[in-house]
Every structure is written in structure tokens, then in C-alpha cells.
Amino acid sequence: METTPLLRMEHIGKEYFGNRVLSDVSFSLEKGQILGLVGENGAGKSTLMNILFGMPVISQTGGFEGKILLDGKEVRFQDPLDALDAGIGYVHQEFSLIPGFTATENILLNRESTKYNLLVEVFGNRLETLDRPHMRERAKKAISALGVDLDPEMVVTEMPVGHRQFTEIAREIDRENMKLLVLDEPTAVLAESEAQVLLDAMRKLSAQGIAMIFISHRLQEVMDVCDKILVLRDGRVIQEAKTHETSVRQIAGWMVGRKMEETAEARPAERSLGAPLLKVEHLWVDMPGETVRDVSFEVRQGEIFGIGGLAGQGKLGIGNGIMGLYPAGGKVFLGDKPIYLNDPRFSLSAGMAFVSEDRRGVGLLLEEPIEWNIVFTAMQTQDAFTKSLFGGLVKWRDDRAIAAVAKEYIEALEIRCVSGRQRAIELSGGNQQKVCLAKAFAVKPKLLFVAEPTRGIDVGAKRLVLDTLRRYNREYGTTIVMTSSELEELRSVCDRIAIVDEGRISGILPPTAPVEEFGLLMLGTTRNGNGNGFSEADRTVFHNE
Amino acid sequence: MNEKLKAFIEEAGWPRVIIGLFLLSLFVAAPFVRVRVDASISDTLVRFGMNGILVLAMVPMIQSGCGLNFGLPLGIIAGLLGAVTSIQFNLTGVLGFAAALGMAIPLAVLFGIAYGLLLNRVKGDEMMIATYVGFSSVAFMCMMWLMLPYTSPNMIWGYGGSGLRTTISVEGYWLHILSDFLSIQIGPYLYIPTGMFLFFGFMCFLMWAFLHTKTGTAMTAVGSNPEFARASGIDVNRMRVISVVLSTVLAAIGIIVYQQSFGFIQLYMGPFYMAFPAVAAILLGGASVHKASMLNVVIGTLLFQGILTMTPSVINSLLQTDMSEVIRIVVSNGMILYALTRKVQAKR
């Protein structure tokens with residue numbers, strides 16, 4: 001049947017300040033179809049949806065290229081309200097509900113059924129009385145269209161997260177002309193059983209003729225519910241496929257696969273590593289947005305151990321937790337020595353150092369000179385660069401020694417600055433990162449945690465930073481635990497790479513493992529087990545060290 | 001030449017250049033309205049010495065990120081208690097002065113610890129809370145001055161026979177004990193309180209030295225970026241308490257120095273507004289809400305006290321009316337307002 005598709009996006013492209021985030025993205029969507037939109041963080045999914053909805057951020061940064069056709073007519077929404085009027089609904093990742101209101105009130109917010117009263121004569125329509133029984137009916141209708149069991153009188157604060165998510169969806173489908181619904185990671189916060197109910201509800205809506213765009217990192221769900229799948233990577237459409245013609249494994253490969261030759265470069269022969277240096281058993285860390293639930297691993301002396309995974313899955317929490325920056329529990333041993341968690345000073349004195357992913361927030365004293373930034377941690381934890389006066393009563397800061405050692409690091413790491421007295425805020429991102437590294441090296445750590453060492457710095461500086469890490473590892477035998485969102489970076493530097501998913505390590509792989517296997521671990525398909533083309537036997541292989 | 005001038009103005013900052021020029025013009029104008037320049041200089045110097053340490057008390061809390069110490073009256077109260085106790089025991093001369101300090105400092109430490117623990121619970125709103133700590137402690141002491149069992153006839157109300165008077169003279173105890181040490185008298189009007197300057201300089205040196213120790217460095221880092229400090233193993237709350245204690249102790253010392261020069265101990269509502277001139281002075285000196293140096297203290301105190309001395313006398317003579325108090329209030333509060341709005345700008 002040859003009809004005009006409900007939605008067509010043609011040759012969509014977008015640049016942010018000369019930085020291309022989308023190029024030539026085209027796809028179409030029929031009535032009642034469900035499209036799965038998948039891709040890594042930063043692949044361009046959100047930008048694409050922002051363009052569809054006419055979010056102000058798009059027009060403020062120079063608009064976009066290409067055409068959007070809704071029911072065969074070209075549309076260009078000026079703001080999200082236009083998109084709503086045209087029958088496109090958006091279910092956000094974060095709930096946009098009013099906590100103290102009931103489900104009914106939230107569902108019908110600003111579209112309430114009303115009755116006439118006398119005040120209207122004086123003050124206008126805004127003062128009409130709410131028609132509560134009718135509102136209840138409408139809310140019930142929207143909820144039953146979803147096929148879920150949700151009390152319309154329940155206050156949002158008292159709802160389990162699943163019900164909140166349903167309230168949001170019900171709000172969208174209460175609109176009369178709803179044709180297309182965008183669901184941005186709706187299952188991310190849900191338990192598996194709740195997610196299942198949501199998927200059923202999606203099928204029901206699709207049967208009623210509502211088309212949907214489903215964004216999710218859980219590939220199995222995408223496979224279960226979608227009719228077709230669009231894979232984005234680095235702002236391009238990598239593949240558009242019918243669900244029944246592909247497999248989870250194939251999609252994972254499309255998502256993360258980059259040029260393979262970069263990785264293969266200069267991989268040294270088998271390295272001889274020492275005895276286990278760091279032992280982590282059942283670690284949990286309560287770091288907002290990066291919760292670690294139950295992580296155990298070992299790092300050997302002289303190793304560079306990589307930790308990867310998607311954003312928000314907990315990979316950053318591991319380093320922060322062991323260094324005592326966020327509440328943590330479990331057992332951590334450095335050599336034979338147990339590490340008391342939740343005490344940064346103890347972790348530092350034990351011989352560990354940390355380069356934070358939050359460079360400007362945690363990593364640097366922006367208003368102070370570079371010198372101070374470099375020596376501060378060593379000075380405070382080891383009394384380095386101080387002179388004892390009056391028999392140790394006063395620990396005087398030794399400015400001359402500080403200047404000397406800062407100069408050394410500035411030269412060794414090629415930090416581009418006027419002098420060691422320059423304030424850290426005046427440096428570029430790459431040079432700031434080098435200052436952070438110098439700070440960690442100045443402690444002379446046995447074990448170094450590095451988090452997102454190349455985030456937000458340019459290509460040249462990236463290379464320098466990675467080379468520096470490699471050099472310190474080879475020359476001084478510093479054991480390094482490196483956390484990064486960039487898989488390629490981990491594969492080029494690390495001896496082994498652990499992938500974290502939902503606060504747990506889903507597998508540890510050698511850097512030479514095929515890229516799809518990393519992809520599968522990141523997407524957590526192993527846990528759900530029955531992924532297409534991914535058998536029980538494969539899984540056991542991944543857990544081998 | 002022009003370049004050099006620009007660089008100088010850049011370095012000093014416009015506010016200081018403008019106020020400096022204004023002060024200079026007041027000194028130039030003074031003889032024409034029959035105000036003696038030497039007497040004015042002398043006044044300015046004495047006031048500078050009196051207020052210096054109170055301004056210095058701002059430094060530790062600014063450095064540790066606790067903001068401006070609007071709770072200065074708390075430390076001042078510790079100083080007042082030390083002073084009246086010393087008089088109660090009839091101690092005179094250097095001994096009396098030392099005893100006042102000796103009693104005031106431990107009290108200030110205690111007050112400072114409690115005050116610091118309180119400020120640790122209200123991070124981000126320190127200045128607002130500090131203001132009310134100052135105000136409420138003054139109000140509380142208004143009752144205590146009446147009830148504390150002091151008996152020295154020099155200090156208690158004449159008629160009731162109990163409770164301390166609002167103003168107590170230190171004459172005969174330790175009046176000018178510091179000021180007169182090595183003091184210089186030039187002509188009948190110009191008097192330089194050398195001893196007070198030396199003491200102030202010594203205090204500044206101690207503060208400077210403290211900021212150059214390991215602990216002082218840690219304190220500065222806490223003020224600069226508490227997250228960084230925590231990640232480097234610093235106990236942020238402890239550093240903040242230390243800074244508050246230092247500030248409170250300096251306030252206690254400062255008020256005793258103030259009294260020995262002024263000649264009177266002012267109780268009850270006396271300390272109520274003491275924080276504002278000190279805050280205004282250090283801001284005028286070029287300190288921001290989270291960075292201050294000894295130079296800021298010295299320049300700020302000199303300029304601010306200079307303006308406070310000169311404006312009333314010169315302008316009053318010009319306008320032929322008495323508006324000294326009004327001008328003082330306008331200048332000091334205007335300065336605070338200016339500096340606090342500038343802080344918002346700097347944050348972007």
C-alpha cells in the first residue's frame with residue numbers, strides 16, 4: 001500500500017559552532033509504526049529530536065539543513081508548542097510532572113475540562129471551575145488506552161517510578177490529534193517487569209495507529225517492540241534495518257564500530273605484569289548519576305586497566321569511590337593493605353592518586369597559580385615542599401622548591417604557559433589536563449586513577465596526554481586505572497578493559513577483542529541472556545580474564 | 001608615561017584611584033576651609049591604627065571561602081569581656097593590657113569554634129547568617145552586661161549599684177598603653193602612635209606567616225575550591241572552623257587595641273555596627289569576597305579611615321551644617337554595596 005508516510009525527515013544536517021553533529025540523516029515513518037533510534041552517547045539522537053520539535057536551541061545556533069514532512073506537508077516548527085499542536089508528543093527522559101498533583105491533574109494540565117461560573121463574567125475564562133468528574137473520565141480513558149493499572153487520584157510523589165512514566169505518556173495520548181510519540185529512554189529508570197508493561201502499552205498504542213520513535217540503550221527492548229531500526233553513529237545514519245532481518249549483535253557492531261586500523265597501531269607484544277596490586281571486592285558507590293552497585297576486579301602491578309561503558313552506568317563512580325570522594329562500601333585492598341573508604345586522605349596516603357573527570361570542578365584551583373595546583377596534594381598529604389620550623393611546630397611552605405618542581409613538570413609535560421605563577425584558569429583545556437596529571441604524578445603514586453583524561457581537549461593534546469600516561473607506566477612502573485567513554489582510546493592504551501553496565505562489570509575483555517563484543521557488554525544484552533545470535537557459550541568467554 | 005599611568009591604574013584598580021584622588025583633594029581643600037592639615041593627618045593615622053586589626057580580622061574568613069565576617073561583633077564581645085574583667089581585677093599598665101588580651105583570646109577561641117560550626121551548616125549563606133550572629137550576640141550581651149557580677153565602682157551604674165555602664169573609661173588602667181610606646185609628637189597637632197603601628201604590623205606579619213604555612217595554604221585552597229581541597233585529603237570543615245576562630249580572635253585583639261587608643265570601652269549597642277566599617281575598608285582596599293591580602297588591609301584601612309576623618313570635617317565646613325554621621329554612613333555602606341555587586345559580576 002503506497003500512501004504518504006506520516007513523517008519523513010530528509011537530509012537533515014546540523015552544525016554547532018563549526019562542529020558537525022548530524023549530516024544527511026533521512027528516514028520515514030508510517031502510521032502505527034515503531035522506529036527504534038539507537039546510537040552511542042553523542043551520536044546525534046537528541047539533536048535529531050530537538051530538530052523535529054523545533055527546540056529553541058536549534059534556531060539559536062543557526063538552524064538546520066534538510067526538510068521535515070508531516071503527512072506529506074513540509075513543516076518547520078518554531079517551538080515545541082507548535083509541534084504539540086501538530087500532534088507530536090515527547091516523553092522526556094527526566095519526568096516533567098508536578099510532584100504535588102495527582103495523576104489526573106498532571107495528565108490534563110492546562111487542558112482541563114471546565115464549567116461556567118459567575119466569576120467568568122468579570123475575570124474571563126481563566127476563572128472557570130474545574131469539572132473534576134469529567135477530568136477523571138478523560139484521565140481514565142487515557143490510562144486505559146495504555147492498558148495499565150494506574151490510580152488517577154494518586155499523587156505523583158507517592159507513585160513508583162514506573163507509574164510516573166505512564167502518567168507522562170498518558171498526558172501525551174490525551175491530546176486529541178496525537179499521531180506521533182517520541183519516547184526518550186523511557187525504560188532507563190524502570191525495573192524489568194515495569195519495562196515489559198511499558199512495551200506492551202507501546203504495542204497497544206501502535207495498534208491504535210499512533211506512530212512512535214523509541215530511543216533506548218537496551219537493545220533487546222528495541223528488538224522486541226520496534227518495526228525497524230535506525231542506527232546513528234557520529235551524526236550519520238549507519239544502517240536502517242527491519243527488526244526481523246537483523247540481530248542484537250549486528251546492531252551493537254554498527255553502533256560502536258569505528259575504523260579498526262587506528263586501534264591496531266603499535267600494540268606491544270605480551271607484557272609481563274606483576275602480582276595483583278589493587279583488589280576490589282563488592283564495591284558500591286553512591287555517586288549521583290554514576291551509581292556503582294556491585295563491582296569486583298583485580299589490577300596487577302604495572303598494568304593499565306581500562307574501565308569503559310556508557311554514560312551514567314557507573315564507570316566514573318569506581319575511581320571516585322575508591323578515592324573516598326563519594327560514599328562507598330565494600331572491600332578494597334592495595335597490595336595487602338585494606339583501604340578505608342570514604343576518607344580521601346587515607347586513600348592518598350596509601351599511595352593512590354586521582355585525576356578527576358571534573359577538571360574545573362574538582363581537579364583544579366582555577367584562581368591559583370599552576371605551581372600550587374601541581375604541588376598542593378603532595379604538600380598536604382606527604383609534607384613535601386615544606387620546611388619544618390621551630391622543631392616541626394610550623395610547617396613553612398617552601399616556595400623555592402615548589403617553583404623548581406613545577407618547572408620540571410611544565411617542561412616534562414610540555415604545559416604551555418607563561419610561567420608557573422600563571423593562574424590555572426588562563427590555560428587551555430589540554431594544558432589544564434596536563435596540570436591535573438602533574439598534580440597526580442607529584443604525589444608519586446603506586447596506583448593512579450585517571451577519569452576521562454581526554455574529555456573536551458583537542459586531538460593533539462589528546463595524544464600527548466595518552467602518551468604521557470603510557471610513558472609514566474613504562475618508565476616508572478605506575479599502575480594506571482583509566483576510565484573513559486571513548487572505547488577506541490581505551491583499546492589503544494589499556495592491557496585489559498572492563499565494561500560497566502548498570503553499576504556492575506558486565507565483562508572484562510582484552511583490547512584486541514572484536515568491537516561488537518564491547519558493544520554487547522555496554523548494552524547489557526548479556527544480562528538478559530536471550531539476545532539474538534548471542535549464546536550462553538559466548539558469555540562465558542567474556543568473563544575469562 | 002601614559003602607558004605607565006594606565007598600568008598603574010590597572011594594577012591599583014579604579015575605585016582605589018578615585019577614592020585616593022578624592023582623599024587627596026580633601027587634604028588640599030582643607031586649609032581653605034580652615035581645617036588643619038597636620039591635625040587631620042594625625043587623626044587619620046590614629047584611626048588607622050585603631051581599626052587596622054579589626055580589618056585584618058576579615059582576612060582569614062575571606063581566604064577560607066566563608067565570606068566577609070559580618071559576625072565581627074562576636075569577637076568584639078570576647079574582647080570586651082577581657083577588657084572589663086581586667087579592670088575588675090584592677091590591673092593597670094602593661095599587665096592590665098596583657099591580662100585583657102589573655103582573657104579575651106581563649107574566650108574568642110571558644111566563641112569562634114561555636115560560630116564556625118554554625119557556619120559549616122549554612123554553606124553558601126555564610127554572610128547572611130554571620131550578620132545575624134553578630135546582631136543577636138550583641139542583643140544577648142545587652143542583658144548579660146547588666147547581670148554579670150562585676151563590682152568595680154569604675155564600671156557599674158552609679159545609682160543602682162549593679163550592672164555595667166554603657167561607656168567605661170580605661171584612663172588610669174591602660175589608656176594609650178600601645179599608642180604612646182615610642183610615639184612621636186611633631187608640633188602641637190601631629191601625633192604618630194608608633195607602638196600601635198608596630199603592634200598592627202606584628203599582627204599583619206603573623207597573618208602573612210600563617211598563610212605561608214602548610215595549614216594556611218590548605219585554608220586558601222579551601223576558599224578557592226573546596227572540592228579540590230577535599231580530593232587532596234583536606235578536612236574542609238576543620239579548615240573553615242580554624243579560619244573563623246582566627247577571625248574571631250583577631251576581632252577580640254582588635255577591639256582592645258581600639259579601646260586603649262580611644263580611651264573608652266563601649267558596651268551594649270557599641271559593637272552593633274562595628275563589622276560594617278571593617279568590611280567596607282577591606283573591600284575598598286581591593287579584596288574580593290574570596291581573596292584578600294595584607295596590602296588590601298593596609299590600603300583599605302588607610303583610605304577608608306582617611307575618608308571618614310576628612311569628609312565630615314571638610315564638607316561640614318564647606319556646607320556649614322553638621323552632616324558628619326550621614327556622610328559616614330553613606331560612604332561606608334555605599335562601599336559595601338559597591339563591592340558586593342561587583343562580586344556578582346565576577347561570578348558571571
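**View 1. V38(A) stands opposite V231(A), a residue of β11(A).** This close-up comes from a predicted model, in which local features need pLDDT of at least 70 and side-chain atom pairs count only at pLDDT 80 or more, while totals for chains, interfaces and linings use all residues. Residues are numbered from 1 along each chain as its sequence is written, and chains are lettered from A and ligands numbered from 1 in the order in which they are written. The strands shown are β3 (residues 34-38) and β11 (residues 228-233) of chain A, which pair in the parallel sense over four bridges; strands are DSSP E runs of at least two residues, helices are H or I runs of at least four, and both are numbered from the N terminus. Two strands are said to pair if DSSP finds at least two bridges between them.

**View 2. β11(A) pairs with β12(A) in the antiparallel sense, over six bridges.** Within this pairing, K228(A) has K242(A) of β12(A) as its bridge partner. The two strands form a hairpin with two residues between them, and there D234(A) takes a positive phi near 50°. Strands of a sheet pair through backbone hydrogen bonds, either parallel or antiparallel.

**View 3. Six strands of chain A form an open sheet with mixed pairing, in the order β6-β9-β10-β3-β11-β12.** At the edges stand β6 (88-91) and β12 (236-242) of chain A, each with a single partner strand, so one side of each is left without a neighbour in the sheet. From one strand to the next, the twist averages 15°. Helix α8 (residues 192-207) of chain A lies across β3, β9 (180-184) and β10 (211-215) of chain A, and runs at about 150° to β10(A); axes are lines fitted to C-alpha atoms, for helices over the stretch in contact, and angles run from 0 to 180 degrees between N-to-C directions.

**View 4. In chain B, the axes of helix α9 (residues 214-224) and helix α11 (residues 236-262) come within 9 Å and cross at roughly 105°.** The helices α9(B) and α11(B) are therefore roughly perpendicular to each other, where angles under 35 degrees count as roughly parallel, over 145 as roughly antiparallel, 65 to 115 as roughly perpendicular and the rest as oblique. A218(B), M219(B) and V222(B) of α9(B) meet residues of α11(B), including V236(B) and M239(B).

**View 5. Where chain A touches chain B, 24 residues of chain A are in contact with 15 residues of chain B.** Two residues are in contact if their C-beta atoms, placed from the backbone, lie within 7 Å. At least two residues of this side of chain A come from each of α13 (344-349), α14 (359-363), α15 (370-382) and β20 (394-397), and the largest share, five residues, is supplied by α15(A).

**View 6. The axes of α15(A) and α9(B) come within 11 Å of each other and cross at roughly 130°.** That angle makes α15(A) oblique to α9(B). In this contact, F376(A), M379(A) and Q380(A) of α15(A) meet K214(B), T217(B), A218(B) and A221(B) of α9(B).

**View 7. Over residues 344-348 of chain B, pLDDT stays under 50, and the model has one contact beyond four places in sequence for this stretch.** Here pLDDT is the predictor's confidence in each residue, from 0 to 100. Chain B has a mean pLDDT of 87, with 97% of its residues reaching 70 or more.
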